[in-house]
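This briefing concerns salt bridges and backbone geometry. Please consult the sequence and the coordinates alongside the points that follow.

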Amino acid sequence: MRTSLLMMALTGIFACSGRNRNRLSDRVGVCTSPSKAALVKEAGGYHVEQNLTDFLAPEKDESVFEKNLESMAPTGIPSYSTNCFFPGDVRIVGPDADHERALRYTEVAMQRAQAAGIKVTVLGSAGSRKIPDGFSPEEAEEQFVSLLKRMGPIAKKYGVTIAIEPLRHQESNFINTVADGCRLARKVNHPNVRVNADIYHMMQEGETPQAILDGGREYICHVHIAENARRTAPGVDGDDFTPYFQALKKIGYRGVISLECSWKDFDTEVKPAIDEVKRQLQSIDF
């Protein structure tokens with residue numbers, strides 16, 4: 001009952017936040033913790049994106065999740081999305097892959113995501129998907145696709161989309177580009193398994209906006225952003241993201257943008273960063 005009441009309250013927050021949000025410049029949020037959620041709203045953010053393992057706590061008692069959910073209720077801003085899907089000890093590829101544990105974890109995570117009003121769960125999880133030395137990359141890919149084919153129906157049951165996150169090669173030896181992510185999503189072939197286009201990782205890998213155009217609205221369901229050289233917040237080094245934004249506009253992107261950055265002082269930097277992303281989006285009328 002307690003979780004149901006909190007869900008109703010958070011659903012109301014999301015409904016209010018969703019009014020008149022037809023422009024992407026009105027759907028800019030930040031990856032952060034519940035303790036910073038009210039500050040994000042005050043800075044003009046649309047949503048917060050939280051660490052799934054910490055916030056939804058799929059392998060912990062329901063009371064832990066309820067306490068986390070309760071902490072969001074007074075903030076007045078929705079938790080639209082999560083990242084960090086699996087902790088590193090939930091292995092999903094390699095000889096010690098444990099798909100049954102991963103599926104139990106996913107069932108609870110998606111159930112709690114629905115209760116929290118979360119729409120997208122980003123699956124980066126570099127530690128979980130690291131291909132061990134000497135293990136066949138082809139077999140790892142088969143394992144990954146097989147698992148996602150089983151995770152998709154669970155996500156659909158709870159109205160959540162799983163977004164495969166490509167990561168730069170310094171952080172992951174598997175799925176480094178949006179092109180990689182889209183290719184695997186096509187192999188999974190489930191409407192609730194799509195791709196996160198992280199513009200920071202795209203720039204680090206030298207991937208152009210064409211990858212967004214190639215993935216299209218069918219596959220690109222979520223976006224992360226940070227500056228290229230130091231993963232700083234938008235506006236610090238002056239990176240121009242408009243070519244990527246123009247590609248998103250061209251495909252008719254309807255998701256959100258989450259700032260996933262390194263911060264020197266979150267409290268003072270978050271508003272200028274949100275404002276800079278909005279400014280660049282508004283410069284192309286998006």
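Arg230 and Asp237 form a salt bridge in which the closest N and O atoms are 2.5 Å apart. The model is a predicted one, and a search of the whole structure finds 16 salt bridges.

**The Arg230 pair**
- Arg230 counts as partly exposed, with a relative accessibility of 46%.

**A salt-bridge network**
- Arg231 forms a salt bridge with Glu260, with 3.9 Å between the closest N and O atoms.
- Arg231 lies in the loop between β7 (220–225) and α11 (242–250), while Glu260 is in the loop between β8 (257–259) and α12, so this pair ties together parts that are 29 residues apart in sequence.
- Arg231 and Glu260 are both buried.
- Salt bridges with shared partners join Arg231 and Glu260 to Arg168 and Glu171 in one network.
- Arg168 is buried, with a relative accessible area of 19%, whereas Glu171 is partly exposed at 30%.

**Positive phi in residues other than glycine**
- Asn189 has a positive phi, near 60°, and is placed in the loop between α8 (178–188) and β6 (193–198).
- With a relative accessible area of 62%, Asn189 is exposed.
- Asp285 also has a positive phi, near 55°, and is found in the segment after α12 (266–283).
- Asp285 counts as exposed, at 53% relative accessibility.

Definitions and conventions. Residues numbered from 1 in each chain as written. Predicted model: local features only at pLDDT ≥ 70, side-chain atom pairs only at ≥ 80, totals over all residues. Heavy atoms only, no water. Helix = DSSP H or I, 4+ residues; strand = E, 2+ residues; numbered from the N terminus. Buried < 20%, exposed > 50% of the residue type's maximum accessible area, 1.4 Å probe, protein only. Salt bridge = Lys/Arg side-chain N within 4 Å of Asp/Glu carboxyl O.
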